[in-house]
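Here's a quick briefing on a few spots in a protein model. Have the structure open while you read, and look up each spot as it comes along.

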Amino acid sequence: MFIQKAWRAAAFGLYGFTQFTKSGFLEHAKKFREEDMQIRLDGKNCLVTGANSGIGFATAEGLAKHGATVYMLCRNKERGEVALNQIRSKTGNANVHLEICDLSSINEVKSFASKFTSMDKPLHVLVNNAGLLEHKRVTTDEGLELNFAVNVAATYTLTELVMPLLEKAAPDARVITVASGGMYTEPLNKDLQFNDDNFDGTRQYARNKRVQVALTEWWTEKYRDKGVGFYSMHPGWADTPGVAKSLPGLSEKLSGNLRSNDEGADTVIWLALQPKEKLATGSFYFDRAEAPKHLKFAGTAASHAQISSIVDNIRSICGLPLPAKP
């Protein structure tokens, strides 16, 4: 077990330093097709979580540039309003709207979803971008470990509760979940809230991101006849406020070679724009291409067999009824 963990960490480090940085993006961008980004989204509704800064802001701005009606879901009203005004000003798109919700509260997520779905508009694109890496064990007012609450519980609950709107936008609807290459270091683990005494926020974040990738596969199977595509992606190592705060060592070590927020958001926007026949639902994307979900010899692939029981656990924790089996 120790040897396998060490191998995962070493393989991830090598892969990351050669692929996930700005230099990796610039190399991969040589193969990008300019026409892929010339598609318009006029008349389409997009919901982006964590949209007031970092990759979420760049995603919301990018979608707005392409003519979409964008709903920015933010925790802080003041910062959200600043971001909203910036995007409207920079893009000339007045169809950008601010919604407020603290994703660490599953009750708030449910309230927001109820209000949002009552508008009864088709939702063409849901971007699950909001994420958190808290190094210390913090418990929310609802009794959930904070990283899990934001990264997994909120992502799952919101996606499930807005499914009726996504189905209204079928067959063009899609859910894009911003995961992380950090998931390469961890298999799925049924201990969703890291109850181990030796809590490690970085490992918990990686576990959360592994769950998101496995959930994307699970959703693909569950909703295979609903006309909704599900995709997870890795933005690379970007110079976001979250990285600077949560991983200062990485931020300092790679200073000058971290991706910009726009580079981090590039594949999210690309996934939102492409005709669905060009995409593989359930897949994990990196720099506009399908990417492996597991590193060689890392021993993480077999763990995905646990996802159905993990979903049942998530639903129980979040107070959602158990689903019919896919």
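Thr 117 sits in helix H5, which covers residues 106–117; helices here are DSSP runs of H or I with at least four residues, strands are runs of E with at least two, and both are numbered from the N terminus. Keep in mind that this is a predicted model, where local features need pLDDT of at least 70, side-chain atom pairs count only at pLDDT 80 or more, and totals for chains, interfaces and linings use all residues. Residues are numbered from 1 along each chain as its sequence is written, and side-chain values use heavy atoms, with hydrogens and water left out.

**Thr 117**
- Thr 117 counts as partly exposed because its relative accessibility is 22% (buried is under 20% relative accessible area, exposed is over 50%, and partly exposed is in between, using a 1.4 Å probe and protein chains only).
- Skipping residues up to four places away in sequence, Thr 117 touches Leu 161, Val 162 and Leu 165 (contact means heavy atoms within 4.5 Å).
- Val 162 is 45 residues away from Thr 117 in sequence, yet their C-alpha atoms are 6.4 Å apart in space.
- A polar atom of the Thr 117 side chain lies 2.7 Å from the backbone oxygen of Ala 113.

- Cys 46 belongs to strand S1, residues 45–49, and it counts as buried because its relative accessibility is 0%.
- Between Cys 46 and Leu 126 there are 5.8 Å from C-alpha to C-alpha, although they are 80 residues apart in sequence.
- Leaving out neighbours within four places in sequence, Cys 46 is in contact with several residues, among them Leu 63, Tyr 71, Val 125 and Thr 69.
- Thr 69 is part of strand S2, residues 69–74, and with 13% relative accessibility it counts as buried too.
- Besides Cys 46, the residues that Thr 69 touches include Lys 44, Asn 95 and His 97, again not counting residues up to four places away in sequence.

**The second largest pocket**
- The second largest pocket has a volume of about 210 Å³, where a volume is the space filled by probe spheres set on grid points joined across faces, edges and corners.
- Helix H3 (54–65) and helix H11 (261–273) are the elements that each give two or more residues to its lining.
- On a 1 Å grid over the protein atoms alone, a pocket is an open set of points where a 1.4 Å probe fits, with protein on both sides within 12 Å along at least five of seven lines; lining residues have an atom within 4 Å of a point.
- Among the lining residues are Met 37, Glu 61, Lys 65 and Asp 262.

How values were computed
Polar contact = N/O pair within 3.5 Å; in protein donor to acceptor, adjacent residues only side chain to side chain.
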